[in-house]
Structure formats: structure tokens, C-alpha cells
Amino acid sequence: MHCVRKVTEDLYWVGSNDRRLELFENIFPIQKGVSYNSYLLLDEKTVLFDTVDSAVGRQFLENIAAVLNGRTLDYLVINHMEPDHCALIEDLHLRYPDMKLIGNAKTFPMIDQFYGMDLGDKKIIIKEGETFSCGKHTLHFVMAPMVHWPEAMMTYDETDKVLFSADAFGTFGALDGVIFNDEMDFDRDYLDEARRYYTNIVGKYGIQVQNVLKKAAALDIQMICPLHGPVWRSNLSYILEKYDIWSKYEAETKGVMIAYASMYGNTENMVNVLAAMLADAGITNIKIHNISKTHVSELISDSFKYSHLVLAAPTYNNGIYPLMANYLEDMKALMVQGRTVAVLGNGSWAPQSAKLMEAKLAELKNMTLLTENFAVKSALHDSQMEQLQELCTKITDSVNA
């Protein structure tokens with residue numbers, strides 16, 4: 001049975017939700033599932049914007065047939081060729097053999113790579129700024145390369161002032177019947193997942209996102225229709241401002257995120273003592289992560305969110321504790337930068353982790369280090385409490401600056 005929502009007078013949400021999938025891209029845990037959004041425009045010609053993942057293919061095809069109500073599908077606009085948005089191209093081609101595909105010069109080689117389809121004269125190749133009329137609606141195409149694939153683009157409906165934004169402005173989390181941002185408590189239910197989605201999937205491409213935001217600023221956008229998560233039909237400045245902050249690698253929140261690894265509890269004790277000191281000093285916006293139990297995508301998300309980071313880990317095989325090393329590599333890959341950081345090490349006979357972590361952080365852009373090889377041997381002792389208190393004061397002064 002079909003399950004659709006009306007978006008505008010002529011536009012329908014025909015996507016679906018997957019609450020069974022445990023790992024998005026087989027990497028990121030998604031306890032709340034994910035939505036795959038697709039949109040169908042009924043005009044003199046019918047136009048579908050993107051498809052969905054094969055996991056929800058049956059629901060999607062039923063939705064399409066229900067909205068078309070006997071009409072054929074004339075055009076498919078392909079904004080993004082990642083398989084969770086293009087898996088049903090071949091199915092649609094078989095069901096609607098006269099359907100034409102609209103994409104850019106980088107779209108169609110990827111269709112051939114994935115599906116080996118002979119599209120013949122069914123291809124319409126468009127360029128930046130070109131328009132396409134399907135009746136009373138005029139579509140305007142905006143290239144968005146590397147947000148976050150090279151062929152990515154956005155489509156702007158000049159008539160209804162709707163931006164089909166591909167993976168931009170998306171979020172993890174299934175849609176619970178409600179699909180519009182003003183039907184839900186976005187901050188409570190989706191903000192953390194929107195940040196985690198952006199920082200881990202698009203985070204590396206801040207410059208490219210900034211370029212697209214400049215293009216978007218020139219358009220009169222009244223609604224944003226992303227490929228994951230809610231449709232934005234009110235307070236668009238909220239999500240646009242979030243993307244501006246994240247893509248500039250600016251801290252969203254003044255506070256301290258502490259990420260630690262601890263094999264036997266001694267490093268954990270050290271960060272607990274520091275956290276209590278910070279709280280006594282008036283810093284109450286503190287988040288602590290045990291990296292052995294926290295997925296690295298959450299660590300990256302909070303690395304973007306918080307202005308100050310504390311990384312604490314023991315020495316392991318004369319190197320950095322493996323999960324901390326992995327986190328540091330992800331920080332580098334996803335362009336975490338511009339943070340103030342303190343590093344705490346531990347080691348029972350040859351404490352190396354602090355200086356090795358600091359060396360890794362030196363590879364990141366614009367990082368301010370508040371420590372220099374701060375390390376304990378096995379456990380924190382009274383003799384180092386004054387030094388830890390001095391570090392607390394440095395962090396507090398920096399947060400409050």
C-alpha cells in the first residue's frame with residue numbers, strides 16, 4: 001500500500017523509511033533508522049527527483065504508481081548518483097520505457113558504471129544555470145561538486161521556490177509520519193543526528209559547501225527538500241546557519257568535550273577529576289566520551305560542536321591507544337580544525353601517548369595546544385594535582401575568553 005505526503009499543490013513526497021538498517025554506508029550506527037526521500041512533481045509533464053535505496057524499493061514503486069494515478073513518468077532528475085538515491089533507476093526505466101533522464105556530464109558515466117544501461121536518446125545533459133520547463137514549473141540546475149560526490153547537483157523549482165538539495169541539509173533518522181521541520185521538535189529529535197550526518201559524510205568538503213551556500217543565497221528559496229530527513233518549509237535560516245558554521249569549521253558551542261580511553265580505570269579517573277575541577281570553575285557545558293564505547297562518528301560530531309577538546313589515553317605498544325589513534329586519523333580526514341586542545345597521557349614505564357597525540361594534532365589546521373607532554377605514570381597522584389588544576393585554569397580562561 002502506498003504511503004505519500006503532499007508537499008505543495010503539485011509536489012509529493014514519495015520516499016520511504018528504513019528502520020531495519022543498522023549501519024549507514026555499513027559504517028555509521030543509526031539507531032533511529034534513516035529516510036530515503038524522493039519527490040514527484042505533477043505538471044504538464046511528470047518529473048521525479050531522485051530514487052531511493054533498493055531496501056525500500058517496493059514501497060517506493062507503489063508510491064510512484066499511486067501518485068501518477070495512471071499517468072506515465074516523463075522525466076527523472078538525478079541530483080546524486082550514490083546508490084541509496086539511485087538504486088531504482090533501472091526499475092523505473094523498465095516500468096516507464098519512455099522516461100528521459102536529466103543529469104549533468106558526470107552523471108551518466110556513473111549510471112554506466114553502476115548499471116551498464118544503454119540509455120540512447122533518453123539522456124538530457126544539463127549544465128550549471130540551465131533551465132528546463134515541464135509546464136508551469138521551470139527547473140533551474142545548480143552544480144554542487146564534491147558535496148559530497150563529484151557529480152552532485154541541486155535543482156531549484158523557480159515556480160514554487162523549492163530547492164531539491166541532494167545530500168545537503170540531510171540527517172540520519174527515519175521520519176515518523178511527519179516530514180516537515182515545523183511538524184517536529186527538530187532540536188530534540190534530529191539536530192544531533194543532522195550534525196553527525198554532516199560532519200562525517202560532508203565534513204571534509206567545507207570549501208565546497210561554502211561555494212554552494214553562496215549560490216543558494218542568490219535564490220529565493222522557500223522550501224528545501226533534501227534526500228534524507230525533514231523537508232524545511234519554515235525557519236530555513238536555522239539550517240542554513242548551521243551549515244555555514246559547520247562548513248567554516250567554527251565551534252557551535254562553547255564548552256569542553258573530553259574523549260578518553262582507559263584500560264583499567266586510571267586514565268578515566270584523571271579525566272573525571274579534571275571534569276569536576278572544570279565544573280567547580282563554572283564550566284558546566286561538558287561532554288565526556290569513553291571512546292571504547294562511543295562510535296567514532298559521535299566523537300567527530302562533538303569535535304565539530306565543541307570549542308575545546310581534551311584527549312586522554314594510555315600508551316599502548318609504545319604508541320597511541322588504537323581507538324584514540326583511529327579517532328585522530330578521522331579528525332584529520334574530516335578536516336577538524338580551529339579547536340583548543342589539551343592532551344593527557346598515561347604509561348606505566350614509558351609514557352609516550354601524550355607527545356604522540358600532540359604530534360598528530362599538529363598535523364591539523366589551526367589547533368591550539370594547552371599542554372606539552374602532560375603524562376602520568378600508571379595513575380594520577382597528589383603530586384600532580386596542582387599541575388592538573390593549572391590546566392583546568394587554562395581551559396577555563398580559554399573557554400571564557
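This is a predicted model: local features need pLDDT of at least 70, side-chain atom pairs count only at pLDDT 80 or more; totals for chains, interfaces and linings use all residues.
Residues are numbered from 1 along each chain as its sequence is written, and side-chain values use heavy atoms, with hydrogens and water left out.

**View 1. Strand 12 and strand 13 form a hairpin.** Strand 12 covers residues 131–133 and pairs with strand 13 in the antiparallel sense over three bridges. Strands are DSSP runs of E with at least two residues, numbered from the N terminus; two of them pair if DSSP finds at least two bridges between them. Four residues lie between the strands of the hairpin, where glycine 135 takes a positive phi near 135 degrees.

**View 2. Strand 13 also pairs with strand 14.** Strand 14 spans residues 153–157, and its antiparallel pairing with strand 13 runs over five bridges. Leucine 139 has aspartate 157 as its bridge partner in strand 14. Strand 13 (residues 138–143) is largely enclosed by the rest of the structure, because five of its six residues are buried. Buried means under 20% relative accessible area, exposed over 50%, and partly exposed in between, with a 1.4 Å probe and protein chains only.

View 3. Cysteine 225 is buried, with a relative accessible area of 1%. For cysteine 392, also buried, the relative accessible area is 0%.

**View 4. Domain 1 meets domain 2.** The protein is divided into domain 1 (3–246) and domain 2 (251–398), with bounds from an automatic or database domain assignment. Their C-alpha centres lie 39 Å apart. At the interface, 15 residues of domain 1 are in contact (heavy atoms within 4.5 Å) with 13 residues of domain 2. The domains bury about 1,100 Å² between them, 57% of it on carbon and sulfur atoms; this is the accessible area (1.4 Å probe) that two parts lose on being put together, summed over both.

**View 5. Glutamate 252 and lysine 242 meet in a salt bridge.** The N to O distance between their side chains is 2.7 Å. A salt bridge requires a side-chain nitrogen of Lys or Arg within 4 Å of a carboxyl oxygen of Asp or Glu. Between domain 1 and domain 2 the count is two salt bridges.
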